[in-house]
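Here is a short briefing on a pocket and a helix pair. Look at the model first, then read the points below.

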Amino acid sequence: MTASLIAAEKRFYHGLVHHGLIIPLGVDGVFGRGAVFEEVVRGFSQLITTEAADQNAEALHFPPVIPRRLLEQSGFLASFPHLAGTVFSFEGTDAEHRELQHAVDDGADWSTHQTMTDVALASAACYPVYATSRGVLPAAGKVVDVSSYCFRREPSQDPVRLQSFRMRELVCLGAPGDVLNWRAAWIERSAALLESVGLAVKVVTAADPFFGRAGRLLAANQKELELKLEFVVPISAEERPTAVMSLNYHQEHFSSKFDIYTEPGVRAHTACLGFGLERIAMALFKRHGFDPSAWPFQIRSKLCPSRC
């Protein structure tokens with residue numbers, strides 16, 4: 001990374017902190033959020049709700065933890081073991097607790113005093129949707145509007161790269177042609193939604209950060225088939241745009257793992273549109289300034305009417 005990129009990230013970070021938009025907690029990629037930041041997140045989330053009103057989507061909300069078995073079934077650990085987070089807890093005796101506390105007091109490694117639980121941190125908001133959609137779908141398929149806190153273990157000093165973040169997703173499940181048509185329509189609709197709040201968006205073919213040598217082949221195939229599109233805008237640095245949304249076409253990946261069908265014996269296809277709410281908010285602060293009361297009226301009236 002160049003010195004100018006590092007300097008740009010630091011300037012943006014310090015601006016967010018100075019204006020009380022994010023609150024540092026001492027770990028890269030883990031922040032509190034101030035009231036103004038949260039108002040902008042709520043405002044944009046409402047715009048998503050309005051835009052998606054014609055989808056007749058089932059609205060679901062899931063916690064930031066999921067069954068560990070679901071993480072295993074999803075295939076996430078096969079492709080992204082470096083990003084996953086699992087939950088460990090203490091289940092020992094009084095004597096073992098004293099050993100744990102001694103390790104904590106001494107600044108030693110106390111992880112050996114914990115064991116893996118049956119829950120993991122949610123790595124994507126959409127995973128529970130597939131697990132709860134087993135069986136045969138309605139004839140027209142379905143769309144689910146789902147939200148959750150998610151976790152990805154990728155600490156960074158770039159403030160837009162969060163380890164804990166909120167994801168709002170629209171998930172489409174159905175016949176291949178229907179899912180592809182839905183995906184094509186939302187490429188335009190998503191770009192228009194971002195542009196309506198003043199963000200200069202570019203849609204690019206992308207690949208997930210698969211792990212290892214085999215992962216590089218998967219990424220190449222994903223890009224070749226254009227299965228993943230990212231909507232990027234300048235945030236921390238103008239010369240390195242950041243993905244604030246992604247549109248992923250999974251084909252039969254999840255339906256084969258979770259037994260989802262359009263009719264008996266015919267596997268469904270799935271696609272998801274993910275909105276990174278914190279990143280979108282940061283993109284708005286970058287584009288319009290750290291004080292929403294100074295934003296153009298048509299923007300702040302949509303996103304933070306209390307500042308009008």
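In the classes used here, Ala, Val, Leu, Ile, Met, Phe, Trp, Tyr, Cys and Pro are nonpolar, Asp, Glu, Lys and Arg are charged, and the others, Gly among them, are polar. This is a predicted model, where local features need pLDDT of at least 70, side-chain atom pairs count only at pLDDT 80 or more, and totals for chains, interfaces and linings use all residues. Residues are numbered from 1 along each chain as its sequence is written, and side-chain values use heavy atoms, without hydrogens and water.

**The second largest pocket**

- The lining of the second largest pocket has 9 nonpolar, 5 polar and 4 charged residues.
- The space in this pocket is about 240 Å³.
- Of its 18 lining residues, Tyr-13, Asp-28, Phe-31, Ser-156 and Gln-157 are the closest to the centre.
- A pocket is an open set of points on a 1 Å grid over the protein atoms alone, where a 1.4 Å probe fits, with protein on both sides within 12 Å along at least five of seven lines; lining residues have an atom within 4 Å of a point.
- Its volume is the space filled by probe spheres set on the points, which are joined across faces, edges and corners.
- Helix 1 (3–18) gives the largest share of the lining, 5 residues.

**Helix 2 and helix 10**

- Helices are DSSP runs (H or I, at least four residues), numbered from the N terminus.
- Helix 2 (residues 35–51) and helix 10 (residues 277–288) pack with axes 9 Å apart, at an angle of about 110 degrees.
- Axes are lines fitted to C-alpha atoms over the stretch in contact, and angles run from 0 to 180 degrees between N-to-C directions.
- The two helices are therefore roughly perpendicular (65 to 115 degrees).
- Their contact (heavy atoms within 4.5 Å) includes Phe-37 and Phe-44 of helix 2 and Met-282 and Phe-285 of helix 10.
- That contact has 12 nonpolar, no polar and 1 charged residues.

Terms used
Parallel < 35°, antiparallel > 145°, perpendicular 65-115°, else oblique.
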